[in-house]
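Please examine the sequence and the three-dimensional model shown below. The paragraphs that follow lead through its main features in order.

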Amino acid sequence: MPPLLFYLLAAITLGFGLMVVTARNPVTSALSLASCFVGLAALFVSLDAYFIGTIQILVYAGAVMVLFLFIIMLLDIKAEEGKQPNLAAIVSGIAVAVLLVTQIMTVVGHTKLAEKTPLNVPLALMDAANQAKGAAKLPTIANDLKAGELPDAKLIGFTLFDQYGFHIQVVGLLLLVGTVGVVVLSKREKTPGGAA
Amino acid sequence: MITLGHYLIVSGMLFALGLAGVIARRNILIIYMCLEMMLSAANLALVGFSRFHLSGGLPDYTAQSLVFFTITVAAAEVAVGLAIIVALFRTRQSVDTEVITKLQG
């Protein structure tokens, strides 16, 4: 990927991320967050993670942000604007953020691992197909690899259902519990005389 | 040339932005959005490590499976969290964290 494109995408992600934090109006924040997630999905795609990029857009920029916008609309919280911000909290927030970034930059600057570029570690699709280990044993994945394509949705699916079958079921249960929990939480409390 | 370090720094900066937002803002909805941003920033680091740690010529899909689980859990968390915020707003008529101090003792 050309460096310019990376810097553009990083600028979109971080710029809209900054707008989420600084905007006074919650609707501006929510829309900036959606744009931030789109930039982030593009960064995922630039890392050859097409499937993750797609679900980032579908789940975050689509479902989650629509939910946020619905709630903002529902609560009608315009009245919260125009209050004086808490100066101590802002100063400590900026201080913690600067400290964290400094620390990460120091660590990244001192480790050899971080100097890997995509050219140093190129994807070897043919090798993977020829080795025929693990996922590449499946004909559909092997054929894609031989055709020079990265079947990453298939590979993630293979990893998930080959190694993490139990975890998938736990996550399914979690989503069920979450759904039931939301229904219980949003039910209006009945009057003491009514059925509990 | 773009290295793994570039991605890690972008991820760290996005996480720091989210953290600053959680500390500095008082609107509970915006705090929640910043939490989502921090989760996504961690995902970026995971996908970066996945791409640069090849196993048999392919990216390490264990990390991307973890990202898949993170996104699923985050989606469930948003649904439950927003339901709690709506319930909170119903009783307090506010989303300001300085008004909601019942647990402060």
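Three helices, α5 (125-131) and α7 (152-163) of chain A and α3 (61-92) of chain B, each supply at least two residues of the lining of the second largest pocket. Helices here (H or I, at least four residues) are DSSP runs, as are strands (E, at least two), and they are numbered from the N terminus. The model is predicted: local features need pLDDT of at least 70 and side-chain atom pairs count only at pLDDT 80 or more, whereas totals for chains, interfaces and linings use all residues. Residues are numbered from 1 along each chain as its sequence is written, chains are lettered from A and ligands numbered from 1 in the order in which they are written, and side-chain values use heavy atoms, with hydrogens and water left out.

Rolling a probe the size of a water molecule over the atoms shows where empty space is left. On a 1 Å grid over the protein atoms alone, a cavity is a set of points where a 1.4 Å probe fits but cannot get out, while a pocket is an open set with protein on both sides within 12 Å along at least five of seven lines; lining residues have an atom within 4 Å of a point. The second largest pocket has a volume of about 320 Å³; grid points are joined across faces, edges and corners, and a volume is the space filled by probe spheres set on the points. Its lining consists of 18 residues, and those nearest the centre are A:Lys133, A:Gly134, A:Ala135, B:Ser55 and B:Leu58. Helix α7(A) gives the most to this lining, namely four residues. Sorted by class, the lining of the second largest pocket holds nine nonpolar, seven polar and two charged residues. In this scheme Ala, Val, Leu, Ile, Met, Phe, Trp, Tyr, Cys and Pro count as nonpolar, Asp, Glu, Lys and Arg as charged, and the others, Gly among them, as polar.

How do the two chains meet? The size of an interface is often given as the accessible area lost when the parts come together. Between chain B and chain A the buried area is about 7200 Å², and carbon and sulfur atoms give 79% of it; buried area is the accessible area (1.4 Å probe) that two parts lose on being put together, summed over both. In chain B, the residues that lose the most area to chain A are B:Met33, B:Arg51 and B:Tyr61, together 10% of what that side buries. The contact (heavy atoms within 4.5 Å) takes 72 residues from chain B and 88 residues from chain A.

Side chains of opposite charge can pair when their charged atoms come close. A salt bridge is a side-chain nitrogen of Lys or Arg within 4 Å of a carboxyl oxygen of Asp or Glu. A search of the whole structure finds two salt bridges over all chains. B:Arg51 lies in helix α2 of chain B and A:Asp48 in the loop between α2 and α3 of chain A, so this pair joins two chains. The closest N and O atoms of B:Arg51 and A:Asp48 are 2.7 Å apart, and across the interface the rule finds one salt bridge.

Are these two partners buried or exposed? Both B:Arg51 and A:Asp48 are buried, a term that means under 20% relative accessible area, with exposed over 50% and partly exposed in between (1.4 Å probe, protein chains only). The relative accessibility of B:Arg51 is 5%, and that of A:Asp48 is 17%. Leaving aside neighbours within four places in sequence, B:Arg51 is in contact with several residues, including A:Leu47, A:Pro118 and B:Pro59. A:Asp48 also has a positive phi of about 60 degrees, although it is not a glycine.

The side chains of A:Lys154 and A:Asp144 also meet in a salt bridge (2.7 Å, N to O). This pair links distant parts of the chain, with A:Lys154 in helix α7 and A:Asp144 in helix α6 (residues 139-146) of chain A, ten residues apart. A:Lys154 is partly exposed at 36% relative accessible area, whereas A:Asp144 counts as buried at 17%.

Finally, consider B:Gly18, which lies in helix α1 (residues 4-24) of chain B. Its relative accessibility is 0%, so B:Gly18 counts as buried. Not counting residues up to four places away in sequence, B:Gly18 touches B:Cys34, B:Met37 and B:Met38.
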